[in-house]
Number of protein chains: 2
Amino acid sequence: LHAELESLMTPAALVDVDRMQANLARMAAYTKRHGLALRPHTKTHKSADLARRQLTHGASGLTVATLLEGETMMAASSDVLLAHPPLGDAKLRRLVQMAKHVRTTVALDSPEALAGVARAADRGRVEVGVLVELDLGMKRVGVADPRRTVELARGAVAASCLEFRGVLFYPGHIREPVAEQGPALQAVNDGLAEHLEALRAAGLEAEVVSGGSTPTAYVSHEIAGLTEIRPGTYIFNDRTTSSIGACAWEDCAYSVLATVVSTAVPGQAVVDAGAKALAREELRAPDATGYAALLDRPDVVVSGLSEEHGILDLRQTDWRPAVGERVRIVPNHVCVSVNLQNRIWGVRGERIEESWLVEARGWSR
Amino acid sequence: LHAELESLMTPAALVDVDRMQANLARMAAYTKRHGLALRPHTKTHKSADLARRQLTHGASGLTVATLLEGETMMAASSDVLLAHPPLGDAKLRRLVQMAKHVRTTVALDSPEALAGVARAADRGRVEVGVLVELDLGMKRVGVADPRRTVELARGAVAASCLEFRGVLFYPGHIREPVAEQGPALQAVNDGLAEHLEALRAAGLEAEVVSGGSTPTAYVSHEIAGLTEIRPGTYIFNDRTTSSIGACAWEDCAYSVLATVVSTAVPGQAVVDAGAKALAREELRAPDATGYAALLDRPDVVVSGLSEEHGILDLRQTDWRPAVGERVRIVPNHVCVSVNLQNRIWGVRGERIEESWLVEARGWSR
């Protein structure tokens with residue numbers, strides 16, 4: 001490869017290879033130091049190649065959000081966790097195919113999902129592992145009542161082709177700056193303890209206690225009983241991760257290369273990266289504005305998005321780009337921006353050194 | 001094909017074929033009645049097959065937002081308008097290739113873009129048409145000062161391989177309910193008249209005056225001097241179009257089939273269509289909430305989105321779906337939802353009758 005960035009049409013998704021490697025190494029060191037298993041969530045990059053790189057940086061298995069992400073990741077790992085309940089015959093048939101080839105675990109929170117997976121595993125004569133998904137405050141999915149956790153765990157134990165492996169939760173509601181996460185973490189700790197005690201009282205052991213997210217990754221050791229974490233964003237980081245102090249701005253490895261296409265309207269410049277390249281996601285951080293910011297000028301934010309237009313707000317800066325000038329833009333939420341790309345370009349400075357297909361892109365199934 | 005919907009994994013993008021055909025016929029009849037050229041914006045569906053259907057329903061050419069959409073649409077039409085200025089050598093080389101095969105027009109608002117297109121057209125020995133993009137109140141791109149319009153038009157006339165064809169604007173700022181668009185339309189009328197008069201005074205004739213958007217499509221005849229419109233959304237419609245009265249709810253042809261995956265948290269149900277299937281777009285209409293609504297129960301809205309989870313707010317309804325139940329969801333903004341799909345399924349009732357690849361999907365370049 002070794003082409004120059006100049007040759008790329010914009011918008012183009014770039015990953016600074018050195019920053020990515022440093023992000024991977026940092027998480028590997030942290031989880032090793034604290035004896036936590038690392039099971040990265042591959043929804044962030046959707047590339048088996050990048051998943052392999054995570055496996056050489058401390059990961060012992062992979063997490064996926066969709067069945068077709070799972071099928072993609074079978075090329076990288078023999079141990080895949082589907083952190084989303086598979087419902088419906090079409091998905092269950094494919095789950096069973098997956099379980100024939102790799103160690104497969106699913107997270108679920110309902111008797112219906114449990115029954116479906118049990119039936120499919122029986123029919124396919126494969127073993128599928130089960131984690132009961134807990135709601136520890138996010139109020140999205142997951143069981144809140146420890147008695148229901150015990151019921152689902154018992155159901156998994158009772159099913160001949162299922163193996164109860166433990167519990168899973170996603171602390172995605174913890175968005176405070178890292179330094180202020182104490183109270184929220186305490187609530188997670190308290191809730192988790194109740195579920196684990198109820199299981200123990202019922203004679204059930206949660207071998208796996210799976211938590212973690214990038215915003216809470218580096219405080220995971222403060223959650224009692226946690227055995228593994230599933231961060232996704234950490235491989236690239238983004239404006240949200242940086243805003244809450246879970247990484248430095250200089251740790252943002254992903255940006256969208258864009259070209260200034262218009263400066264006709266005063267006080268702004270328009271680039272050719274809009275909602276179809278950056279994704280429209282508000283910044284969930286205090287006093288935050290904009291959907292993205294310039295890598296080299298983080299005070300210049302993308303204040304508006306059309307499908308193929310991004311508005312750079314120039315009212316707080318003396319910088320005035322010319323039409324044709326190129327900029328690198330860090331989105332608020334990298335996972336949804338990557339999902340809009342066909343390919344990611346790995347760069348060192350102005351040189352393109354690698355590229356990865358976003359293989360499971362668009363496969364929200 | 002003729003499979004049943006039940007066989008599809010969810011989320012899956014569906015188009016009600018009869019509703020789509022009715023939407024196409026309605027716009028064809030309107031533009032014919034008022035003597036307006038119809039140049040649909042294909043960003044909405046990104047499929048050459050669906051563009052062909054628009055050409056058999058009154059369209060005389062196509063609009064694209066990106067160069068690679070243009071390359072896709074060359075398979076359907078010999079007359080393509082790129083409504084986004086192409087900057088940079090890579091894009092200009094491909095623009096010239098396109099212009100060798102189809103009548104090509106670009107919209108631009110800067111001397112830099114004009115010079116680039118002129119140089120490329122010269123080098124490629126092809127003719128490229130130019131529309132000067134006007135800002136008539138949206139304040140995104142486009143020239144507001146009629147003197148600049150004249151300068152750019154003169155520049156196009158002076159360049160040997162360019163042909164000045166007229167002016168273009170996008171009234172995307174008009175989001176009022178259709179019945180209340182009068183004052184905003186009057187401002188557009190007034191602004192447009194100034195630019196056209198300045199051109200006439202300079203001895204320049206705008207053969208094309210291109211405007212229109214789906215929200216303003218059916219009042220286009222009230223804009224004096226307009227010769228063509230470029231609606232995109234009208235082929236499918238969406239929750240926004242319906243909310244502002246530019247279509248009826250029953251005209252929404254596009255929905256995302258999703259499965260209820262969790263009812264564990266009281267007051268809500270969670271489906272497997274999240275931001276990566278529906279797209280996160282606020283509803284730009286009065287008193288609006290949510291990112292999408294159920295096709296058959298428009299009072300049930302998607303109040304929250306994670307990447308692969310959509311939260312159905314059940315607090316205002318007695319309806320309680322079971323885990324495993326399927327629903328059809330109409331997103332606020334169909335164009336960005338389609339861009340997340342690989343394929344769209346054409347359905348009549350529960351039957352799948354056709355399907356279209358979203359060919360130019362993800363090609364934001």
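Two strands are said to pair if DSSP finds at least two bridges between them; helices (H or I, at least four residues) and strands (E, at least two) are DSSP runs, numbered from the N terminus. This is a predicted model, in which local features need pLDDT of at least 70 and side-chain atom pairs count only at pLDDT 80 or more, while totals for chains, interfaces and linings use all residues. Residues are numbered from 1 along each chain as its sequence is written, chains are lettered from A and ligands numbered from 1 in the order in which they are written, and side-chain values use heavy atoms, with hydrogens and water left out.

**Stop 1: the parallel sheet of chain A**

Select the 8 strands of chain A that form an open sheet with parallel pairing, in the order β2-β9-β8-β7-β6-β5-β4-β3. The edges are held by β2 (37-38) and β3 (62-64) of chain A; each has a single partner strand, so one side of each is left without a neighbour in the sheet.

**Stop 2: strand β14 of chain A**

Which strands run antiparallel to β14(A)? Strand β11 (residues 268-271) of chain A is joined to β14(A) by 4 bridges, and β13 (residues 302-305) of chain A by 3 bridges. A:Gln268 stands opposite A:Asp313, whereas A:Val302 has A:Leu312 as its bridge partner. A hairpin through 4 residues connects β13(A) to β14(A).

Now colour β14 (residues 310-313) of chain A by accessibility: A:Gly310 and A:Leu312 on one side, and A:Ile311 and A:Asp313 on the other, are all buried (under 20% relative accessible area, with exposed over 50% and partly exposed in between; 1.4 Å probe, protein chains only).

**Stop 3: two buried residues**

Select A:Ser47, in the loop between β2 and α2 (48-55) of chain A. A:Ser47 is buried, with a relative accessible area of 1%. Not counting residues up to four places away in sequence, A:Ser47 touches A:Met73, A:Trp356, A:Leu357 and A:Glu359 (contact means heavy atoms within 4.5 Å).

Move to B:Ile229 in strand β10 (residues 228-229) of chain B, which is buried at a relative accessible area of 0%. Leaving aside neighbours within four places in sequence, the contacts of B:Ile229 include B:Met27, B:Leu38 and B:Gly211.

**Stop 4: the largest cavity**

On a 1 Å grid over the protein atoms alone, a cavity is a set of points where a 1.4 Å probe fits but cannot get out, and a pocket is an open set with protein on both sides within 12 Å along at least five of seven lines; lining residues have an atom within 4 Å of a point. Grid points are joined across faces, edges and corners, and a volume is the space filled by probe spheres set on the points.

The largest cavity holds about 150 Å³ of space. Of its 14 lining residues, the closest to the centre are A:Ala279, A:Arg280, B:Ala275, B:Ala279 and B:Arg280.
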